[in-house]
Amino acid sequence: MSKHSHREIDPVTGHETTGHDWNGIKELNTPLPKIVIWALILTFVYSVIAWILLPAWPIGRDYTRGLLGLDQSDIALEDYRALATKRQDWLQPFENVDFSALQADDVWQNNALPAAQRLFEDNCAVCHGMQGRGIQGFPVLSDETWLWSGTPEEIAQTIRYGINTDSADTRYAEMPSFNWMERPDRVALAEYVVLLGDGSVKPNAAAATLFSENCAACHGEAGIGGLENGAPALNDSSVIYGQDFSTVMQTLWSGRQGVMPAWTDRLTQAEINLLAFYVSRLGADEKQVAQ
Amino acid sequence: MLKLHYNLERVSMGLVAAIIIAASVGGIVEIAPLFTIDETVEVPDDLRPHTPLELAGREIFIREGCYACHSQMVRSLADEIDRYGPYSQAGESAYDHPMLWGSKRTGPDLARIGGKYSDEWHVRHLIDPRSVVPASIMPAYPWLLKSLDTDLLTDSLATLSELGVPYSDEMITSAASDALAQSRPDSNETDGFRARYEERPAIRAFDGDPARLTEMDALVAYLQALGTLTVVSETVVVEVDE
């Protein structure tokens, strides 16, 4: 074992050795590269500066706030306010909107519709599809068929309060269960409704009577709908759950109470109006594409 | 300093002591703030604990590893507030043991998902995500339609109450029947459920079938409750809107 004072320089590399000697083999004591030492020193210096400037040390119930007084949640809210203010330029007119004026105004359409599309994809598309084409059980928004008319005002109302929600102003669309009905009657009714769908219904005294006694109050005489009570027309193949025999049988057995959530707390008034305007145009746009 | 290190290397017990001191700094910095957590984290006055059904759903959420892809924390960044709503506050998860904030998102954050979509959508999406969102890469969970095992709910509530979650003895003993009641709007037990948990938790057949209590009932009830246990977080948004 050598003394610490004993220094021996390796002639090949020019570095010091550890001074140990194992059967003639010596170990180099290569110093840390300068760059590593400087990097270490810099990080220490930075951390001291950061402790002084930024929130750092917990002290009991409080913490050192730092000279800059930064708070991440304040920054986030500030940034969000800036974002919202920037949007106000083109979003403002939607707060209390005259939809018919917008219909003609290309500027608003060009500025606001791209944003509306993003809102739609973020909030609506998971049920109604990216292009609003719907899926079984979730309505198509890009056609001409509406339960409560397709004007932006009515759509905004639906977005605001939803369908079958807890909201006081909610729309209701509640198909009751007809499981109390005798099975033969249900079968006859279902067959009748299927035929209503493709317009090939034949006069069938028994089923027609069943229909007008049980269904016509909501779906209209001969299922023409249009009563704006949440019950669809049954003669235009627009029923969102489908109108094949087994689906109709299931609908009769268990009823349907589909829910559209209310968006009042999640979206601002202006955003809801913007979306309503966007959705009301989906059908028109679809038509244009088709032509 | 390097000289000190060089000398320390030659005294083994000295080196051990120095390692222990250096490592404990990291530990103390993380542990010390927890000593005052009761004073520093404000529990909102209106924070309600999960109902037994939601708690069962939470256990399923953990069992299926949902947290591996879905965080439950809206971070305090402008873009997050814009997309998800008010950023999450510590008090919101005061009754969560363990918390499920998460740090990795393959899917979206779920902290404010409650009420955003309908029960029916959740059920279909869990059974087959591609049936509603064609581009989804989420796995399907069709086995959630099996019956819910409520045997351990009483023990779960008892354990959580030991940890400071305000479950009364009555809530603990009737946990299993409360879970059933919350998914069965027409049952006789709903009165007892309402008496214990008041008006806020929803009573619905979450999976669409009131006749059966399934794991789907529990998970959907839990998802629909996320972000609705306290309304205190809404103050952030109100401030912003004004």
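Student: Is the crossing in which helix 6 of chain B passes helix 12 of chain B left-handed or right-handed?
Tutor: This is a predicted model in which local features need pLDDT of at least 70 and side-chain atom pairs count only at pLDDT 80 or more, while totals for chains, interfaces and linings use all residues. Residues are numbered from 1 along each chain as its sequence is written, chains are lettered from A, and ligands are numbered from 1, in the order in which they are written. The near helix being turned clockwise from the far one by less than a right angle is right-handed, and anticlockwise left-handed. Where helix 6 of chain B passes helix 12 of chain B, the crossing is right-handed.

Student: How is the angle between helix 6 of chain B and helix 12 of chain B classed?
Tutor: Helix 6 of chain B (residues 119-127) packs against helix 12 of chain B (residues 215-225) at about 125°, and their axes are 10 Å apart. Because of that angle (under 35 degrees is roughly parallel, over 145 roughly antiparallel, 65 to 115 roughly perpendicular, the rest oblique), helix 6 of chain B is, relative to helix 12 of chain B, oblique.

Student: Which residues of helix 12 of chain B make the contact with helix 6 of chain B?
Tutor: Contact requires C-beta atoms, placed from the backbone, within 7 Å. Helix 6 of chain B contributes Asp119(B), His122(B), Val123(B) and Leu126(B). The partners from helix 12 of chain B are Met216(B), Leu219(B), Val220(B), Leu223(B) and Gln224(B).

Student: Which helix supplies the largest share of the side of chain B that touches chain A?
Tutor: Between the chains, 25 residues of chain B are in contact with 23 residues of chain A. At least two residues of that side of chain B come from each of helix 3 (37-40), helix 5 (78-84), helix 6 and helix 13 (234-241) of chain B. The largest share is four residues, supplied by helix 5 of chain B.

Student: How far apart do the C-alpha centres of domain 1 and domain 2 of chain B lie?
Tutor: The C-alpha trace of chain B spans about 80 × 45 × 45 Å along its principal axes. An automatic or database assignment gives domain 1 (2-40) and domain 2 (52-241) in chain B. The distance between their C-alpha centres is 41 Å.

Conventions:
Axes fitted to C-alpha atoms, helices over the stretch in contact; angles between N-to-C directions. Contact = placed C-beta atoms within 7 Å.
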